[in-house]
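Open your viewer and get ready to click through a few side chains. Each stop tells you what to select and what you will find there.

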Amino acid sequence: MGNAKALKFINFVLAFLWIYQGVVPKIIFINSDEIFVWQTIGLSFDYAKLAGRGSGIAEVIFGLLFLFSP
């Protein structure tokens, strides 16, 4: 029973980290390093911003999977 609580806590922490990393540096405050990474593969500035936001949304979804996993 204690093991299940520990696993739930670990899932909660991982969910928080993924959701935070998706929302703060990619959706709310777009980090210039995130844009630079997308520009190095050939995207223009505008598409790099969109790709950064898209990756942020993907990270939030991944975090929600941790949060709602059994």
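Is Glu34 buried, partly exposed or exposed? Select Glu34: it counts as partly exposed because its relative accessibility is 21%, where buried means under 20% relative accessible area, exposed over 50% and partly exposed in between, using a 1.4 Å probe and protein chains only.

A word about what you are looking at: this is a predicted model, in which local features need pLDDT of at least 70 and side-chain atom pairs count only at pLDDT 80 or more, while totals for chains, interfaces and linings use all residues. Residues are numbered from 1 along each chain as its sequence is written, and side-chain values use heavy atoms, leaving out hydrogens and water.

The side chain of Glu34 forms a salt bridge with Lys26, at 3.4 Å from N to O; the term stands for a side-chain nitrogen of Lys or Arg within 4 Å of a carboxyl oxygen of Asp or Glu. Lys26 counts as buried, since its relative accessibility is 7%.

Next, select Glu59. Its side chain also meets Lys26 in a salt bridge, at 3.0 Å from N to O. This pair links distant parts of the chain: Glu59 sits in helix 3 (residues 45-67) and Lys26 in helix 1, 33 residues apart. Helices here are DSSP runs of H or I with at least four residues, numbered from the N terminus. Glu59 is buried, at 16% relative accessibility. Together, Lys26, Glu34 and Glu59 are linked in a network of salt bridges.

For the last stop, select Asn11 in helix 1 (residues 2-28). Leaving aside neighbours within four places in sequence, Asn11 is in contact (heavy atoms within 4.5 Å) with Phe66, Ser69 and Pro70.

Note on methods:
Helices (H or I, at least four residues) and strands (E, at least two) are DSSP runs, numbered from the N terminus.
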